[in-house]
Amino acid sequence: MRASKIVCFAVGAVLVATAACADEISIVSNILGPEGPLYIDGNLYYVGWISHTLSKWDGKTTTVLNHTPGCGHNGLALTKRKTFLLACTEEHGAILELDMTGKQLRRWDADKNGKPFDGGINDIVVTANGGAYATVGNCILKFKINDDGSLSNRSNFALLNLFTKNKVESWWIGPDSMKVDSKGNIYVAQWFGGKVLKISPDGKLLHVFEISAGDGTTNVAFSEGEKELYVTVVKDSKDPQAKGSIVKIANVK
């Protein structure tokens, strides 16, 4: 979860196809707070936490599907019903369920005990049995998932500064959103770090993807067959408007 709380509406993302470096291609630019990418049926969906928008890029044009002021669109997950669960990262957090066109179907502003999601929701993941977990933390922890969906056996999974030298020293540096591939490897976007780290299921560093488009890497999505990665990145993590882009890079085995 980032510190910026500035409200600003994006006029729209601009499609580009320029190479940032030899193996990094800029796909969409001028996004205010790029996050939550998902590649589904040839379309790339992503959100902007500053613009409060969910957008779709079809390979040629970008369409804003949802604009909910005060949400701070952040994490994005796809359910088995082909609906989106969207994490609102603003101070009074929420989880929205949207259809594929961006229409709101349901909204949760509190947990089952009526406790509000104060501090905002950073990311969300859908489980195999149709449930979901949402996060507000800034570290990677490991839990056992019990049969009833509850969590136990909390332990530290990875400390990123032991894997790679910090690009800058800041309490904000660390793991942001992450994705898991078909082999169980974890791809972690390092906010303030300008990197995506590939970590094995047993916590070993497999690869470091250096991102040249900015130092505020926020999230990652897989292309078909997991051959490429779509990385959301803010050019300057100190920018209050969090202007950034989505870049495509080759994955490694």
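Are Cys71 and Cys88 buried or exposed? In this predicted model, in which local features need pLDDT of at least 70, side-chain atom pairs count only at pLDDT 80 or more, and totals for chains, interfaces and linings use all residues, Cys71 is buried and Cys88 is buried as well. Residues are numbered from 1 along each chain as its sequence is written, and side-chain values use heavy atoms, with hydrogens and water left out. Buried denotes under 20% relative accessible area, exposed over 50%, and partly exposed the range in between, with a 1.4 Å probe and protein chains only.

A search of the whole structure returned one disulfide, a term that denotes a pair of cysteine sulfur atoms within 2.5 Å. The disulfide is formed by Cys71 and Cys88, whose sulfur atoms lie 2.1 Å apart. The torsion about the S-S bond of Cys71 and Cys88 is about -90 degrees, and the disulfide is therefore left-handed. The pair links distant parts of the chain, 17 residues apart: Cys71 belongs to the loop between β6 (62-67) and β7 (73-78), and Cys88 to strand β8 (residues 84-88). Strands (E, at least two residues) and helices (H or I, at least four) are DSSP runs, numbered from the N terminus.

An open sheet is formed by four strands in the order β3-β4-β5-β6, with antiparallel pairing. Its edge strands are β3 (34-40) and β6, each of which pairs on one side only. On average, neighbouring strands of this sheet are turned by 20 degrees against each other, direction ignored; axes are lines fitted to C-alpha atoms, for helices over the stretch in contact, and angles run from 0 to 180 degrees between N-to-C directions. Two strands are taken to pair if DSSP finds at least two bridges between them. Strands β3 and β4 run antiparallel and are joined by five bridges. Within this pairing, Asn43 in β4 is the bridge partner of Ile40. In general, strands of a sheet pair through backbone hydrogen bonds, either parallel or antiparallel.

Strand β17 (residues 186-191) is mostly covered, with six of its six residues buried. Both faces of β17 are covered: one side carries Ile186, Val188 and Gln190, the other Tyr187, Ala189 and Trp191, all of them buried. Strand β17 pairs with strand β18 (residues 195-199) in the antiparallel sense over five bridges, and Ile199 in β18 is the bridge partner of Ile186. The two strands, β17 and β18, form a hairpin with three residues between them, and Phe192 in the turn has a positive phi of about 75 degrees.

Six aromatic pairs are present in the structure. Rings of Phe, Tyr and Trp (its six-membered ring) pair if their centres lie within 6.5 Å; planes under 30 degrees apart count as stacked, over 60 as edge-to-face and the rest as tilted. The rings of Trp49 and Trp191 have centres 6.1 Å apart and planes at 75 degrees, so this pair is edge-to-face. Because Trp49 lies in the loop between β4 (43-48) and β5 (53-57) and Trp191 in strand β17, the pair ties together parts that are 142 residues apart in sequence. Trp49 is buried at a relative accessible area of 2%, and Trp191 is buried at 5% relative accessibility. Edge-to-face geometry also applies to Tyr187 and Phe222, because their ring centres are 5.0 Å apart and their planes at 80 degrees. This pair links distant parts of the chain, 35 residues apart, with Tyr187 in strand β17 and Phe222 in strand β20. Tyr187 and Phe222 are both buried. Trp49, Trp191 and Phe192 form one aromatic cluster.

Positive phi values were also found at loop positions. Most residues other than glycine have a negative phi. Glu226, although not a glycine, has a positive phi of about 60 degrees; this residue is placed in the loop between β20 (216-222) and β21 (228-234) and is partly exposed at 24% relative accessibility. Ala242, likewise not a glycine, has a positive phi of about 50 degrees. The loop between β21 and β22 (243-250) contains Ala242, which is buried with a relative accessible area of 3%.

Gln104 is located in strand β10 (residues 104-108) and is partly exposed, with a relative accessible area of 37%. Apart from neighbours within four places in sequence, Gln104 is in contact (heavy atoms within 4.5 Å) with Leu96, Glu97 and Leu98. Gln104 and Thr83 are separated by 21 residues in sequence and by 9.8 Å in space, C-alpha to C-alpha.
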